[in-house]
Amino acid sequence: MQGCRFPDIHTKRLDSGSGFSYDYPKYLKSSSMDISQDVRLLFRYSGIRILIVPEGHAFGFSLQQTMLQLSSALALLSVAAIITDFLMMAILPERRHYTNYKQVDTPDFSDVRDLLASTANRSKVTV
């Protein structure tokens, strides 16, 4: 890409140079009432802490690249839906349940549509 360069990366150590050490105790109570049976676990975390900050300037805008990214994202969303439907209705063990819930039978309202259409035709004729 023209005019682009790699970002500058700066690192900084956040601890004082000796690393960090963090102790985390966890207390487990026994089911009996005997206090001597209680357990204390100590988790010790140690290491160095490093902060990495990438810095740089981005410039330039390409409508072609933006349209390519948007169309690719929409295509991937539609492919994901198709793959999910295929997995749920063809491969998974409960596929009959998924198919029944995906394809819901609805009542037939064709007689109501015919009645409304005939009523509309009558009102057009009388006017």
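Start with the two helices: α1 and α2 lie oblique to each other. This is a predicted model, so keep its confidence colouring to hand.

**Stop 1: the helix pair.** Select residues 63-91 for helix α1 and residues 95-102 for helix α2. Their axes come within 6 Å. The crossing angle is roughly 125°.

Now show side chains where the helices meet. On α1, pick D85, M88, M89, A90 and I91. Their partners on α2 are R95, Y98, T99 and K102.

**Stop 2: the nonpolar patch.** Switch to a surface view and select Y22, Y24, L28, V39, L41, F43 and Y45. Together these residues make a nonpolar surface patch of about 640 Å². Two elements give two or more residues each: β2 (20-28) and β3 (39-47). Strand β3 supplies the largest share, 4 residues.

Zoom in on Y45, in strand β3.

**Stop 3: K12.** Move to strand β1, residues 8-13, and select K12. Its relative accessibility is 55%, so K12 counts as exposed.

Which residues does K12 touch, leaving aside those up to four places away in sequence? Select R49, I50 and L51. End on L51, which sits 39 residues from K12 along the chain. Draw a distance between the two C-alpha atoms: 5.4 Å separates K12 from L51.

Conventions
Residues numbered from 1 in each chain as written. Predicted model: local features only at pLDDT ≥ 70, side-chain atom pairs only at ≥ 80, totals over all residues. Heavy atoms only, no water. Patch = residues over 30% accessible without salt bridge, like charges linked within 9 Å, V, L, I, M, F, W, Y side chains within 5 Å. Areas by Shrake-Rupley, 256 points an atom, 1.4 Å probe, with all protein chains shown as cover. Salt bridge = Lys/Arg side-chain N within 4 Å of Asp/Glu carboxyl O. Axes fitted to C-alpha atoms, helices over the stretch in contact; angles between N-to-C directions. Parallel < 35°, antiparallel > 145°, perpendicular 65-115°, else oblique. Contact = heavy atoms within 4.5 Å. Buried < 20%, exposed > 50% of the residue type's maximum accessible area, 1.4 Å probe, protein only.
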